[in-house]
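Trainee: I have a structure open and would like to learn how to read it. Where do we begin?

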Amino acid sequence: MDNSERIALRVNGTECEVVTAAARPVLEVLREDLGLTGTKEGCSVGVCGACSILVDGTLMSACLMPVGAVGGREVTTVEGLAGDDGRLSPVQQAFLECGGFQCGICTPGQVVAATALLRESPRPAPEEVRNWMMGNICRCTGYYSIVSAVLKAADATAAQAGEQA
Amino acid sequence: MRLPDYHRPTTVAETLDLLADLGDEAELLAGGTSLVNMAKLGLAEPQHVIALGGVPELHGLTGVDGGLTLGAMATIRDVETSLPVRDLAPGLAEAASHVATVRIRNQATVGGNLVHADPNQDLPPMLMVHDAVARIRGPQGVREVPVTDLFLGFFETVVEEGEILEAVHVPAPPAGLRTTYLKFLPRTKDDYPTVSVAAGLAVADGRVTDVRLAVAGGGATPLRCRAAEEVLAGSDGGADAVAAAADALAGELEPISDGRGSARYKTEMARVSARRVLDRLLQEAAA
């Protein structure tokens with residue numbers, strides 16, 4: 001017997017409903033059912049960070065999370081980080097300016113992970129950035145620019161907050 | 001491939017009913033970092049998963065009678081960052097901070113970590129050092145098992161079919177007990193240790209009054225090293241006593257050779273690590 005069911009979730013601020021088996025990884029549902037292919041499949045065992053998403057603001061691996069576990073919760077993917085007007089988030093802008101990517105496959109996960117870090121720790125020390133971002137592997141080994149981008153995004157966010165204050 | 005049916009109990013009682021009904025076709029799902037991977041590897045093939053995210057009784061991390069109760073669904077990140085843990089059992093917060101990556105610590109849970117029972121995990125040795133006790137509930141009621149006695153072998157615990165590990169109690173540590181954790185890993189920082197040692201020590205009037213040692217990666221289960229403790233207890237904590245305790249600890253281990261090192265290498269590194277953690281704690285106590 002088919003064990004599909006209706007599951008309601010909120011993705012990037014929009015209410016969604018999918019009909020699927022609840023045990024299916026949310027990574028698959030995002031990519032195949034909702035067309036949000038920014039979240040990448042890398043190792044598929046929670047090590048590489050390519051599928052990093054935020055669930056209620058907390059950094060998680062979409063490959064290890066059944067969609068049933070995010071029912072009724074807020075999921076944020078890389079597609080949800082830019083403003084409604086298309087303006088890039090400070091993290092995205094800093095990755096662009098620092099060249100924080102080479103082939104690009106790990107980039108959405110890097111950007112989502114960095115976003116989670118700066119929400120929790122707005123002015124991280126370089127060591128804290130490296131420790132946090134350790135869970136996002138870049139096989140082009142572009143780590144130097146990635147760390148620079150995260151630090152730059154922290155500076156930019158602080159400067160922006162200063163202007164507004 | 002048909003995916004398992006997904007159940008969402010809201011109470012522990014309902015969870016136990018589901019376990020009774022579904023028997024060995026069901027697996028409990030906490031953070032998913034172990035079960036989902038085991039299923040992907042074909043090492044677990046549940047027809048049903050019982051998701052525990054909606055069972056409030058299993059969540060939370062609270063101070064109780066001077067100690068702490070960690071709900072089975074408390075995440076490793078909760079253990080790492082919570083102020084009550086940092087105050088009462090800083091070594092436990094430290095051990096938690098060494099688990100995998102922050103993303104995995106956000107998902108992986110205390111209960112899932114314990115029942116997964118990989119012998120290389122960071123949390124069990126430090127829970128052993130703290131004399132932590134697991135609360136296991138089944139159809140017959142509740143039983144309490146010290147974490148030291150929880151593990152039977154690779155991926156095997158005393159938690160039986162139809163039971164659930166619902167919480168871990170960490171008693172208030174005795175005054176003067178210092179703890180530390182040393183994880184030796186020659187590969188990447190998010191890996192399991194080759195071997196790691198958790199230690200607790202108290203010194204009074206120049207004598208070691210309390211000593212607790214436990215090891216991950218030293219065999220088929222994490223292990224509390226009682227023989228090594230006996231060697232050091234009551235001694236002056238001098239270099240000879242520490243070396244003898246480290247030798248005794250190495251003698252208690254039966255590590256396996258694998259990608260993280262040969263059995264002999266793990267044994268030697270456990271000996272070195274034991275000496276280092278004991279030296280560290282003795283120096284702190286003397287300062």
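**Reading the domains, strands and helices**

Mentor: Begin with a domain contact. In chain B, 20 residues of domain 1 touch 21 residues of domain 2. Keep in mind that this is a predicted model.

Trainee: Which parts of domain 1 of chain B supply the side that touches domain 2 of chain B?

Mentor: Look for elements that give several residues. Helix H5 (90–97), helix H8 (123–129) and strand S8 (151–153) of chain B each supply at least two. The largest share, five residues, comes from H8(B). By class, this side of domain 1 of chain B divides into eleven nonpolar, seven polar and two charged residues.

Trainee: What domains does the assignment give for chain A?

Mentor: Domain 1 of chain A covers 4–80 and domain 2 covers 90–160. The C-alpha centres of these two domains of chain A lie 22 Å apart. Their contact takes 13 residues from domain 1 of chain A and twelve from domain 2 of chain A. On the domain 1 side, S3(A) gives the largest share, three residues. That side of domain 1 of chain A has seven nonpolar, five polar and one charged residues.

Trainee: How do I describe the whole of chain A?

Mentor: Count the elements, then check the overall dimensions. Chain A has five helices and five strands. From the N terminus on, they run β-β-α-β-β-β-α-α-α-α. The radius of gyration of chain A is 16 Å, close to the 15 Å that the globule rule gives for 165 residues, so chain A is as compact as a globular protein of that length. Along the principal axes, its C-alpha atoms fill a box of roughly 55 × 35 × 25 Å.

Trainee: What share of chain A is buried?

Mentor: Buried residues make up 47% of the 165 residues in chain A. Now look at sequence separation. Take the contacts in chain A between residues at least 6 apart in sequence: 60% of them join residues at least 24 apart.

Trainee: How many bridges join S3(A) to S4(A)?

Mentor: Four, and the two strands run antiparallel. A:Leu54 has A:Leu59 as its bridge partner in S4(A). The hairpin of S3(A) and S4(A) has two residues between the strands, and A:Asp56 takes a positive phi near 50° there. S3(A) is also joined to strand S5 (residues 74–76) of chain A, by two bridges and again antiparallel. In S5(A), A:Thr76 stands opposite A:Leu54.

Trainee: What is the strand order in the open sheet of chain B?

Mentor: Follow the pairing from strand to strand. The four strands have the order S11-S12-S13-S14 (chain B), with antiparallel pairing. Strand S11 (178–184) and strand S14 (223–224) of chain B are the edge strands, as each pairs on one side only. Seven bridges join S11(B) to strand S12 (residues 195–204) of chain B. B:Lys183 stands opposite B:Ser196 in S12(B).

Trainee: Now a helix. What span is expected for H3 of chain A, and what does the model give?

Mentor: Compare its end-to-end reach with its length. Helix H3 (residues 107–120) of chain A has 14 residues and reaches 20 Å from its first C-alpha to its last, close to the 20 Å expected.

Trainee: Is H3(A) mostly covered or exposed?

Mentor: Mostly covered: twelve of its 14 residues are buried. Among them are A:Val111, A:Val112 and A:Leu117. The buried residues of H3(A) pack against several elements of chain A, including strand S3 (52–55) and helix H5 (143–164), and against helix H6 (102–107) of chain B.

Note on methods:
Residues numbered from 1 in each chain as written. Chains lettered and ligands numbered in written order. Predicted model: local features only at pLDDT ≥ 70, side-chain atom pairs only at ≥ 80, totals over all residues. Expected span 1.5 Å × (residues − 1). Buried ≥ 20, exposed ≤ 12 C-beta atoms within 10 Å, placed from the backbone. Contact = placed C-beta atoms within 7 Å. Rg over C-alpha atoms; globule rule 2.2 N^0.38 Å. Domains from an automatic or database assignment. Nonpolar A, V, L, I, M, F, W, Y, C, P; charged D, E, K, R; others polar. Pairing = 2+ DSSP bridges.
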